[in-house]
Protein chains: 2
Amino acid sequence: MTPRVLIAPGEVPVGARDAVVAGGGVVVDRPEDADLIVWMTPTDPSGLPELLAAAPGVPVQLPWAGVEPFLPLIGPDRPWACGKGVYAPPVAELALAMLLAGFRDLVAYGRRTAWSDRTGRNLHGARVVLVGGGGISEELARLLAPFAPRLTVVRRDADRPFPGAERVLPTSALHDAVADADAVVLTLALTDATRGLIDADVLAAMRSDAWLVNVARGGVVVTDDLVAALRDGTIGGAALDVTDPEPLPEGHPLWSLPNCLITPHAGSTLAMNAPLIAARTRANVARLAAGQPLIGLVDPTAGY
Amino acid sequence: MTPRVLIAPGEVPVGARDAVVAGGGVVVDRPEDADLIVWMTPTDPSGLPELLAAAPGVPVQLPWAGVEPFLPLIGPDRPWACGKGVYAPPVAELALAMLLAGFRDLVAYGRRTAWSDRTGRNLHGARVVLVGGGGISEELARLLAPFAPRLTVVRRDADRPFPGAERVLPTSALHDAVADADAVVLTLALTDATRGLIDADVLAAMRSDAWLVNVARGGVVVTDDLVAALRDGTIGGAALDVTDPEPLPEGHPLWSLPNCLITPHAGSTLAMNAPLIAARTRANVARLAAGQPLIGLVDPTAGY
């Protein structure tokens, strides 16, 4: 079969059209003709309900890994695929950059205008806890391997093995997992079960020199608790690519903390995204043509 | 034989004494009794000439990889070993931290107090030129391997192979080597032949978005030329763990450039150094006991 693909909303980018064709499909204009809807705007579902109504049962591919804005629409009546795993390489790269910047004090050095004492500590051999067992954690573990880290993975299903991890623990063991960590990296999905997971209790369980890196979603962390923990030295520092609220408003206390680095959800930039999501679209069109299930399927019950 | 080791100057640190014993040696107090002199201060040779006169032909181990302050003393009348390779792991770690900070714009983000556009580019697949083929470059290549970089090594002897490099070029080909590089990392020794190697001409040969990382010695770069290149956008940015002059004085133009990160010769801190140099001392004492040549021998002609 030659999958007929509706790309929406708005004008169809050349790269998306090329990806459909490269996957063996054709681009169509009307939802009634579509075998697959490729939705391009990551946080705005406006207009999508009308397409869904006109194309019952037709699968949808969403662009980002996080699908929070689409949850009211996602149900078992059709397959929903998301950008799960697509952006793992650039996001994991940023997570490693943040770990190294934290451990080697680059944020503090970058803000100075005078020579200072030599400080910092090694990532080599460090105890790193990855909270989340998905594509970002897998890719980060791969990048970390030459540093011979002592890796703990905290995930919903602790029975699933994780390559390179010393320990795989369930989310219920989070306090124990973080207790001796040099760094805790958040890569997990934001769901009702993970919202506010990193609160004052978890932060208090961490070492006073430990770094927290968040490349997941801002809502996984209780922001006020984190501000307090950074202010009073409960933890060593934080590097946040995502915040709650996001964007973080000017004047927010996080901006002025000496041990906090904030990047503007830059785990994967538009320039980095384009070829990655195009490759996923091509793969999914090809799978549809071959009668195979889509890659990156959302579990409607889990919400990611 | 049980090597008799003089540790100087000043009081003998516990770690150094333990390392001698662990290597099968004993610590002695007088140069006349010594089979090996372990010199502990990295930049100050005061007092060493007297020891050398009292212990003709006795080998010396110096603590750092760079031996510039000791060059007037170093000759063919005895073996001189240095910290060559000892600090490669922490220094290469800092070089990777700087590369990632540069590529992912962490210096700029770290100085902001407001949300901004997503910027940055990937280290993954980048063209990286390592100038210097020693232990730091080898260790950095190992850390870079998961990023699948396109690696060029520039070294004195281009006939020596370098694991993981696409190209090994002689220093005379430096201009060609840097022309298409995303980043140029300096790891080479400072000698008469390398002083001022990175000048306006080399910087002009680099791409306007390329980063320069210096974890070698400040004198390898012509500082005024670098300031000009950073100011006028000849290159994208610089991350410098070493400077000329060093320490870099307050008010120096490098401190206020938006695309420049300076760390205070923190490639390896005192805390990182202690176990690394102790391990080298232990190894060299054991080699002396076994009648083998010392590790990290300085070539008196090359000056490193």
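Predicted model: local features only at pLDDT ≥ 70, side-chain atom pairs only at ≥ 80, totals over all residues.
**How the two chains meet**

- Two copies of a chain are related by a rotation about an axis and a shift along it.
- On the chain A side, 43 residues are in contact with 42 residues of chain B.
- Five elements of chain A give two or more residues to the side that touches chain B: α3, α4 (106–111), α5, β12 (260–262) and α9 (270–289).
- Helix α3(A) gives the most to this side, with 8 residues.
- By class, the residues on the side of chain A that touches chain B are 25 nonpolar, 11 polar and 7 charged.
- The copies meet through the same surface, because 98% of the interface residues of chain A are also interface residues in chain B.

**Helices α3 and α5 of chain A**

- Two packed helices are described by the angle between their axes and the distance between the axes.
- Helix α3 (residues 88–103) of chain A packs against helix α5 (residues 135–144) of chain A at an angle of about 55°, and their axes are 8 Å apart.
- These two helices, α3(A) and α5(A), are therefore oblique to each other.
- The crossing of α3(A) past α5(A) is right-handed.
- From α3(A), the contact takes in A:A88, A:P89, A:V91, A:A92, A:E93, A:A95 and A:L96.
- From α5(A), the partners are A:G135, A:I136, A:E138, A:E139, A:L140, A:L143 and A:L144.
- Sorted by class, the residues of this contact of α3(A) with α5(A) are 10 nonpolar, 1 polar and 3 charged.

**Helices α1 and α9 of chain A**

- Here the angle between α1(A) and α9(A) is about 30°, and the axes lie 7 Å apart.
- Angles under 35 degrees count as roughly parallel, so α1(A) and α9(A) are roughly parallel to each other.
- Helix α1(A) also passes α9(A) in a right-handed crossing.
- On the α1(A) side you can look for A:G15, A:A16, A:A19, A:V20 and A:A22, which meet A:A274, A:A278, A:T281, A:R282 and A:V285 in α9(A).
- The contact of α1(A) with α9(A) has 7 nonpolar, 2 polar and 1 charged residues.

- You will find A:S137 in helix α5 of chain A.
- A:S137 counts as buried, because it has 27 C-beta neighbours inside 10 Å.
- Apart from neighbours within four places in sequence, A:S137 is in contact with A:L130, A:G132, A:V153 and A:T187.
- A:L94 is 43 residues from A:S137 in sequence, and their C-alpha atoms are 12 Å apart in space.
- A:R167 sits in strand β8 (residues 167–170) of chain A.
- With 15 other C-beta atoms within 10 Å, A:R167 is partly exposed.
- Between the C-alpha atoms of A:R167 and A:T187, which are 20 residues apart along the chain, the separation is 17 Å.

**Backbone features to notice**

- Most residues other than glycine have a negative phi, and most peptide bonds are trans.
- A cis peptide bond links A:A8 to A:P9, with omega about -5°.
- A:P9 belongs to the loop between β1 (4–8) and α1 (14–22) of chain A.
- Another cis peptide bond runs from A:D244 to A:P245, with omega near 5°.
- A:P245 is in the loop between β11 (237–240) and β12 of chain A.
- A:A148, a residue other than glycine, has a positive phi near 45°.
- The loop between α5 and β7 (150–155) of chain A holds A:A148, and this residue counts as exposed, with 11 C-beta neighbours inside 10 Å.
- In chain B, B:D105 has a positive phi of about 60° although it is not a glycine.
- B:D105 lies in the loop between α3 (88–103) and α4 (106–111) of chain B, and B:D105 counts as buried, with 22 C-beta neighbours inside 10 Å.

Key: Residues numbered from 1 in each chain as written. Chains lettered and ligands numbered in written order. Axes fitted to C-alpha atoms, helices over the stretch in contact; angles between N-to-C directions. Helix = DSSP H or I, 4+ residues; strand = E, 2+ residues; numbered from the N terminus. Parallel < 35°, antiparallel > 145°, perpendicular 65-115°, else oblique. Left-handed = near helix turned anticlockwise from the far one by under 90°. Contact = placed C-beta atoms within 7 Å. Nonpolar A, V, L, I, M, F, W, Y, C, P; charged D, E, K, R; others polar. Buried ≥ 20, exposed ≤ 12 C-beta atoms within 10 Å, placed from the backbone.
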